[in-house]
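Colleague: I would like to learn how to read a metal site and its surroundings. Could we work through one together?

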Amino acid sequence: MKILRSGSQPVKAGPAEYFTGEVTMEMEFAAETPARIGGLTVTFAPGARTAWHSHPLGQTVFVTEGEGWAQLDGEPRQVIRPGDIVWFPPNRRHWHGATATSAMTHLAIAESLDGSRVTWEDHVSDADYLGG
Ligand code: MN
């Protein structure tokens, strides 16, 4: 058994290449082969969000604090709240983040395919972010 102890990893800023606004990432983990599961806890300040992206085997997000927005490309933006468990299907372009006025924290978990859990695309414009 391995225990990744609380607070044992530095809190990192979300790279501007992949996020808009103030984002912190912590407690990142990845299981050992042959398991594929991995993830991290991400906190988005109000207005912050991921860029558009997709996951080769999908992603499950557990909202733990605050209030956020999430959107699959081509579908309406939706509010996500603590206790909500969100599933993003494989290879579906989407984004997730805080609302414009509330921070949001989630635990994001995905399986890797050929060593990758995510494919990043362009940033979410203010119009897309606010437009719902
Ligand atoms: Mn995602």
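**Reading the metal site**

Modeller: This is a predicted model.

Colleague: Which atoms coordinate the manganese ion?

Modeller: The donors are NE2 of His53, His55, His94 and His96, together with OE1 of Gln59, at 2.1 to 2.2 Å. Along the chain their spacing reads H-x1-H-x3-Q-x34-H-x1-H.

Colleague: Is His55 buried or exposed?

Modeller: Buried, because its relative accessibility is 4%.

Colleague: Which strand does β8 pair with over five bridges?

Modeller: β8 pairs with β11, in the antiparallel sense. Within that pairing, Ala70 stands opposite His96, which is also a donor to the manganese ion. β8 also pairs with β9, antiparallel over three bridges, where Gln78 is the bridge partner of Ala70. Five residues separate the strands in the hairpin of β8 and β9, and Gly74 there has a positive phi near 90 degrees.

Colleague: How many residues of β8 are buried?

Modeller: Five of its five. Gly68, Ala70 and Leu72 point one way, Trp69 and Gln71 the other.

Colleague: And what lines the largest pocket?

Modeller: It has 21 lining residues, with Glu28, Leu40, Arg117, Val118 and Trp120 nearest its centre. The lining divides into 12 nonpolar, seven polar and two charged residues, and the volume is about 360 Å³.

Methods. Residues are numbered from 1 along each chain as its sequence is written. This is a predicted model: local features need pLDDT of at least 70, side-chain atom pairs count only at pLDDT 80 or more; totals for chains, interfaces and linings use all residues. Side-chain values use heavy atoms; hydrogens and water are left out. On a 1 Å grid over the protein atoms alone, a cavity is a set of points where a 1.4 Å probe fits but cannot get out, and a pocket is an open set with protein on both sides within 12 Å along at least five of seven lines; lining residues have an atom within 4 Å of a point. Grid points are joined across faces, edges and corners, and a volume is the space filled by probe spheres set on the points. Ala, Val, Leu, Ile, Met, Phe, Trp, Tyr, Cys and Pro count as nonpolar, Asp, Glu, Lys and Arg as charged, and the others, Gly among them, as polar. Donors are N, O and S atoms within 2.8 Å of the metal (3.2 Å for Na, K and Ca); water is not among the atoms, so sites may look incomplete. Buried means under 20% relative accessible area, exposed over 50%, partly exposed in between (1.4 Å probe, protein chains only). Helices (H or I, at least four residues) and strands (E, at least two) are DSSP runs, numbered from the N terminus. Two strands pair if DSSP finds at least two bridges between them.
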